[in-house]
Amino acid sequence: MVQFYSPNRRTVNRHIITVTADNLDAQGQGVARHQGKTIFVAGLLPGEQAQVQLTEEKRQFAKAKLVKRLSDSPYRVNPRCPHFGVCGGCQQQHVAPDLQRESKASVLEHLIRREIGVTVSAKPVILGPEYGYRRRARLGLHYQIKQRQLVMGFRQNQSNELVAIKECPVLRPELEQLLQPLSQCLNSLKAVKRLGHVELVLADNGPLMILRHLDPLKREDKEKLGTFSVQHNVAVYLAADETSLESLNEPPEPWYQVDGLKLVFSPRDFIQVNDLVNQQMVAQAIEWLDLQQNDNVLDLFCGMGNFTLPIGRIVQSVVGVEGVVTLVANGQYNARLNNLDNISFCHENLEADIHHQPWAKLGFNKVLLDPARAGAAGVMSHIVELAPEKVVYVSCNPTTLARDSKILLEAGYQIISVRMLDMFPHTGHLESMALFSR
């Protein structure tokens, strides 16, 4: 069941009640019923009975905290991470993976049925390993004056406080093994009090890190970071602000492969966090589009060509449109790198009026779009005008997917297939993809 909270709070009755969960929502909260009201309880699994205390109450639902669990579900497992329950990165490591996926798929199916009146299965789920999957992570840095040490970690749940992370089993092992030596290195810097955050990324040709520093680094600090780079075989980049980037030791360009193609990217570029799920997602999109040699395809919100390049190997032409200029440049570079001369990349704000753009006047018989969480409201009417045979919509927000789907359905399209993507196991993130056909 999807929740929508409003800021208006009611007076909460703080007495203890006993409930039994009968479901799990996408965030991993147990869903129970009490006197006709739905109650969400973090940490409670279906079938488990518990004593809980209400913390927030609305007309139709309430939130409660777990006071005492009275029974255990067979789907309850031991979290692998020692920081689970304090760190806000994962919410569901106590839930068996099969139940996590089943619950997310059910939430997606429920939302589509409720919002657009279509009953469709979101299974089989596209999935990969539950641990060791994350190839990109951003860790906060905060210097504690009293303890005289730098804390490196993720934020606590619903808090700005950092949890000092010494291990993180959802990270790719190549990144997890950097955590402790990196923390030690950063604590040894003269600039330790003036560091912002650090990003870890695993490219196919090795790990890299981006260090955000608030003041210019002294030569001594750069030498220490250079030594760390060599000792741990990690490319180090320094960021004095949100736009500049300085590399140490002139590392090679990072790249990853998708569908056998090599995609070079800049350290700050967006890449899909879960490589194995990404590979399957691209393959599913290609299969759904049923690509032919004479197809002309439009790829909206294309990034640097994650879908565009694999599509370009099959069809007559493909146009990728993206709002971030650096991603467009990298897409163009990657097309040349892979000897694909039938691909065009265009820089365009897809929230603006796109009808007068040269690329928008071309004919496309198939369309793929992969928007951010805000969805694709600005382009849906134009897609309808193009009247493509098939549309594949990749989504990181089921609410905007449902909203945008209505426009296609009203124009005569049918929703043929939906798949839930388990891109972020143990979290509440719900990613999906849908196929529409005329």
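Q: Why does arginine 148 count as exposed?

A: Arginine 148 has 70% relative accessibility, and exposed means over 50%, so arginine 148 counts as exposed. Keep in mind that this is a predicted model. Arginine 148 lies in the loop between β6 and β7 (149-155).

Q: Which other loop residue has a positive phi although it is not a glycine, and where does it sit?

A: Histidine 426 has a positive phi of about 75°. You will find histidine 426 in the loop between β20 (414-421) and β21 (431-437).

Q: How do you know whether histidine 426 is buried or exposed?

A: Its relative accessibility is 1%, and buried means under 20%, so histidine 426 counts as buried.

Q: What makes the bond between lysine 123 and proline 124 a cis peptide bond, and where is proline 124?

A: Omega is about 5° for the bond that joins lysine 123 and proline 124, and this bond is cis. Most peptide bonds, by comparison, are trans. Proline 124 belongs to the loop between α1 and β6 (136-144).

Q: Which residues make the contact between α1 and α9, and how do they divide by class?

A: From α1 come Leu108, Leu111, Glu115 and Ile116, and from α9 come Pro398, Thr399, Ala402, Ser405, Lys406 and Leu409. This contact of α1 with α9 has six nonpolar, two polar and two charged residues.

Q: What makes α3 and α4 roughly parallel or roughly antiparallel?

A: The axes of α3 (residues 179-187) and α4 (residues 219-232) come within 10 Å, and they cross at roughly 165°. An angle over 145 degrees counts as roughly antiparallel, so α3 is roughly antiparallel to α4. The crossing of α3 with α4 is right-handed.

Q: Which residues of α3 and α4 meet?

A: On the α3 side they are Pro181, Leu182, Cys185 and Leu186, and on the α4 side Lys224, Leu225, Phe228 and His232. By class, the contact of α3 with α4 has six nonpolar residues, one polar and one charged.

Q: How many residues are in the largest nonpolar core, and which have the most contacts inside it?

A: The largest nonpolar core has 83 residues, and those with the most contacts inside it are Leu186, Met209, Leu211, Leu225, Ile311, Val392 and Met433. Helix α5 (residues 275-289) gives the largest share of this core, seven residues. Apart from it lies another core, of 39 residues, including Ala26, Leu401, Leu430 and Ala434.

Q: Which residues does isoleucine 311 touch, not counting residues up to four places away in sequence?

A: Isoleucine 311 touches Ile286, Leu289, Leu291, Val297, Val318 and Leu368.

Q: Why does glutamine 156 count as partly exposed?

A: Its relative accessibility is 30%. Buried is under 20% and exposed over 50%, with partly exposed in between, so glutamine 156 counts as partly exposed. Glutamine 156 is in the loop between β7 and β8 (162-164).

Q: How do you know that proline 173 is partly exposed?

A: Proline 173, in helix α2 (residues 173-176), has a relative accessible area of 48%. Exposed would need over 50% and buried under 20%, so proline 173 is partly exposed.

Terms used: Residues numbered from 1 in each chain as written. Predicted model: local features only at pLDDT ≥ 70, side-chain atom pairs only at ≥ 80, totals over all residues. Heavy atoms only, no water. Contact = heavy atoms within 4.5 Å. Helix = DSSP H or I, 4+ residues; strand = E, 2+ residues; numbered from the N terminus. Nonpolar A, V, L, I, M, F, W, Y, C, P; charged D, E, K, R; others polar. Core = buried A, V, L, I, M, F, W, Y, C linked by side-chain atoms within 4.5 Å. Buried < 20%, exposed > 50% of the residue type's maximum accessible area, 1.4 Å probe, protein only. Axes fitted to C-alpha atoms, helices over the stretch in contact; angles between N-to-C directions. Parallel < 35°, antiparallel > 145°, perpendicular 65-115°, else oblique. Left-handed = near helix turned anticlockwise from the far one by under 90°.
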